[in-house]
Amino acid sequence: MIRILYVEDDVMIGKTTYQLLQHAKFQVDWAQTGLEALDLLFGNHYHVALLDLGLPEVEGLDLLKHIRKKADLNRMGVIIISARDQSRDKIQGLKLGADDYLVKPYDFEELVARIESVLRRSHFNIAEELSFKVGDVQLFPNTHRVLKKGQNVELSNKEWAILEPMMMYPNQIFSRQTLEQKLYDWQTEINSNTIEVHIHNLRQKLGKNLIRTVRGLGYCIEMIKE
């Protein structure tokens, strides 16, 4: 499922757009301040950010600069949504790295069309089922399927929760604490070796070299250079 970070401090606009995005089958996190958006960016992974400019605590353009400076966020599409309709505002946002600029008030269908356009430019295939592939392993987020050499591999919910972000963002190192956060949704006790056990099981199912241990830092899946 396409995951969107929606950053908007106006409650009325935010609530309506948030509900419409969910209805359009996007997975959405809504931040109402710049700091809240930074917290969400730190602990989660998104395909697109919808970014207002006039935000409390941290300005929208400062958020945009942060996104474009972070290597692990560079693939994420950014659409500025703002009431600022002057050419200089649009030019500044685009020069700082925004993929698109939409002026409020906007038509929701136009917003969805622009999201789809940014996803296509970011090489996320929305016409077909979205998938992420590293080597001979392919992950399909929408249908919770994993293939190895074209064959289905059964994963537990916890194994999926650990594998999905690493497949989506190869070459990024995930700390044990970050991966543990992914398991909290399942409301089960997390022991000191829980992550190691699930990593071991994933290696058994998908290949011992898929997930690399980075000593003292965590784990990552490395994109294989062809």
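Q: Leaving aside its neighbours within four places in sequence, with which residues is Ala98 in contact?
A: This is a predicted model, in which local features need pLDDT of at least 70, side-chain atom pairs count only at pLDDT 80 or more, and totals for chains, interfaces and linings use all residues. Residues are numbered from 1 along each chain as its sequence is written, while side-chain values use heavy atoms, with hydrogens and water left out. Contact means heavy atoms within 4.5 Å, and once neighbours within four places in sequence are left aside, the partners of Ala98 are Leu64, Val78, Ile80 and Gly93.

Q: Is Ala98 buried or exposed?
A: Ala98 belongs to the loop between helix H4 (87-95) and strand E5 (100-103), where helices (H or I, at least four residues) and strands (E, at least two) are DSSP runs numbered from the N terminus. A residue is buried under 20% relative accessible area, exposed over 50% and partly exposed in between, with a 1.4 Å probe and protein chains only. Because its relative accessibility is 8%, Ala98 counts as buried.

Q: How many Å apart in space are Arg68 and Ala98, C-alpha to C-alpha?
A: Arg68 lies in helix H3, and because its relative accessibility is 19%, Arg68 counts as buried. Arg68 and Ala98 are 30 residues apart in sequence, and their C-alpha to C-alpha distance in space is 8.8 Å.

Q: Within what arc do the buried residues of H3 fall, seen down its axis?
A: In helix H3 (residues 60-69), the buried residues are Gly60, Leu61, Leu63, Leu64, Ile67 and Arg68. An α-helix has 3.6 residues a turn, so residues three or four places apart point the same way. The arc is taken over the directions from the helix axis to the C-beta atoms; the buried residues of H3 line one face of the helix, because they fall within an arc of 155°.

Q: At what relative accessibility does Asp100 count as buried?
A: Asp100 is placed in strand E5. Leaving aside its neighbours within four places in sequence, Asp100 is in contact with Val78, Ile79, Ile80, Leu94, Arg114, Val118 and Arg121. Asp100 counts as buried because its relative accessibility is 14%.

Q: What is omega near for the peptide bond from Lys104 to Pro105?
A: Most residues other than glycine have a negative phi, and most peptide bonds are trans. Pro105 is found in the loop between E5 and helix H5 (108-121). The bond from Lys104 to Pro105 is cis, with omega near -10°.

Q: What value is phi of Lys149 near?
A: Lys149 sits in the loop between strand E8 (145-148) and strand E9 (151-152), and it counts as exposed because its relative accessible area is 65%. Its phi is positive although the residue is not glycine, with a value near 55°.

Q: At roughly what angle do the axes of H6 and H8 cross?
A: Axes are lines fitted to C-alpha atoms, for helices over the stretch in contact, and angles run from 0 to 180 degrees between N-to-C directions; under 35 degrees counts as roughly parallel, over 145 as roughly antiparallel, 65 to 115 as roughly perpendicular and the rest as oblique. On the H6 side, the contact is made by Lys158, Glu159, Ile162, Leu163 and Met166. The axes of helix H6 (residues 157-168) and helix H8 (residues 194-206) come within 10 Å and cross at roughly 75°.

Q: Which residues of H8 does H7 meet?
A: The axes of helix H7 (residues 176-183) and H8 come within 10 Å and cross at roughly 85°, so H7 and H8 are roughly perpendicular to each other. From H7, the residues involved are Arg176, Leu179, Glu180 and Leu183, and their partners in H8 are Thr194, Ile195, Glu196 and His198.

Q: What percentage of the residues of the protein chain count as buried?
A: The chain has eight helices and eleven strands. Among its contacts with a separation of 6 or more, 55% join residues 24 or more positions apart. Of its 226 residues, the share that count as buried is 46%.
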